[in-house]
Amino acid sequence: MRKFFISIFLFLSFIAVLSSQNFNQYFTNKACRIDFHLCGDAKTTKAYIEKIKEEPYWGGRQHNLSQDLNLGEYRFQVKDSATNNLIYIDAFSSLFYEWQSTNEALKLNKSFEQSIQFPFPHAAVQISIEKRIDYRNWETLLQFSFSPNDKLICRNIPENLVVKELINSKSASKAVDIAVIADGYTATEQSKFFRDAEKLANSLFSHEPFVKYKSRINVYGIAAISENSGISKPHENDWRNTAVGSHFYTFYETRYLTSPHVFRIRDFAAAVPYDAIYVLANTSTYGGGGIYNFYALASADSDRAQNEVVVHEFGHSFAGLGDEYFKDKPDVLDDMYNTKTEPWEPNITSLVSFEDKWKADLPIGTKIPTQVNDSTKKQKIGVFEGAGYMTKGMYRSAYNCRMRTNDAKAFCSVCEKAVERMILFLTEKQ
Ligand SMILES: [Zn+2]
């Protein structure tokens, strides 16, 4: 028995040494970015590469390289070509995926920009980009190999931008690095941008678990300069020429604020080491958007719920949290999720694989579903029906949460734990 423990211990020590050596064995401290297009209609998805880039800083993790958290609509794997060893994995979602659920996608093929980033490899690698079939299964969209010596890998230096470290706690490899990019700020509005970016950081640091882990979070402000001040509002025939082309009225929804120019956003982000991107839009109009491991976007001077929207959108983009809101009555959005499989978002469940979600945290005797009444409204955790835009068949963990309404005071305990899990995953060895 003792021998067994010793061998386990040696094995674990070996793994620890191996993983700390792995990063330097396979990667440099620069980043590799793949720009590609997700194309298709409501039912088909294709991926086509545009270019491979070497960027100056890798701000992501240098540990847990071949582990993932089973999040996102897509994932990618990087394998060392010589040994076929998995050396990096990560997941993401896309604006394209959201567009696929619109009526337009029933009639039209479209192409959306998408980028992924991983540490720049020392030797040839094979990349596979995969799309989720269901909670546990994936299909390959695209597979390709490249050598880091390829002369056609773009190596142009990012634009010379004014960048400020607004919060600098730790070295990039041990911190969550958030790149805040200006959009709709002219050359004379740079100081306003840095003030607004600080306000954004303060919004995050008014919520747990960001308060608890403040010493592990770096925030950079990147003053991208726009020709026009303000943000485009297509529904009011108001178009502005801005650094990353953010606009309201995405998919014809007045409050939905996004930018289709993912490559431009990434070009600006490359000025710093980063794990997460936040585009700050110079407008007072209420709106925002956030997509997992893609970007978050919010108004800088929203006429309402500024703090709340900033944190809600970051919940989507940083931790892959799902929306907990839904319509009061069943409607067309009632098929947003397939209730026969578990959604990947950590804070909602169809109960199909509930054991992977917050089941173990439920107090003994919790009713499923939990009825809404004055006492359960105050309950920290339960299984409340109505989540992910759906009135029936999808469940959330608390009566109210930052991912449900602007009136909520904070993230519910399940969301808070999911954000914490991501911070720990990015900043320490699991
Ligand atoms: Zn929640």
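Strands β12, residues 288–291, and β13, residues 295–299, pair in the antiparallel sense over 4 bridges. This is a predicted model, by the way, so please keep that in mind as we go. Within that pairing, Ile291 has Tyr295 as its bridge partner in β13. The two strands make a hairpin with 3 residues between them, and Asn293, in the turn, has a positive phi of about 55 degrees.

Now the other neighbour of β13. Strand β11, residues 276–281, runs parallel to β13, and 4 bridges join the two. Here Val279 stands opposite Leu297.

How many residues of β13 are buried? The count is 5 of 5. In a regular strand, side chains alternate between the two faces of the sheet. For β13, one side has Tyr295, Leu297 and Ser299, the other has Ala296 and Ala298, and both faces are covered.

Finally, the domains. The assignment gives domain 1 as 16–146, domain 2 as 163–320, and domain 3 as 332–358 plus 365–405. The C-alpha centres of domains 1 and 2 lie 23 Å apart. Between them, 23 residues of domain 1 are in contact with 20 of domain 2. On the domain 1 side, β5 gives the largest share, with 4 residues. That side divides into 9 nonpolar, 9 polar and 5 charged residues. Thanks, everyone!

Note on methods:
Residues are numbered from 1 along each chain as its sequence is written. This is a predicted model: local features need pLDDT of at least 70, side-chain atom pairs count only at pLDDT 80 or more; totals for chains, interfaces and linings use all residues. Domain bounds come from an automatic or database domain assignment. Two residues are in contact if their C-beta atoms, placed from the backbone, lie within 7 Å. Ala, Val, Leu, Ile, Met, Phe, Trp, Tyr, Cys and Pro count as nonpolar, Asp, Glu, Lys and Arg as charged, and the others, Gly among them, as polar. A residue is buried if 20 or more other C-beta atoms lie within 10 Å of its own, exposed if 12 or fewer, and partly exposed in between; C-beta atoms are placed from the backbone. Two strands pair if DSSP finds at least two bridges between them.
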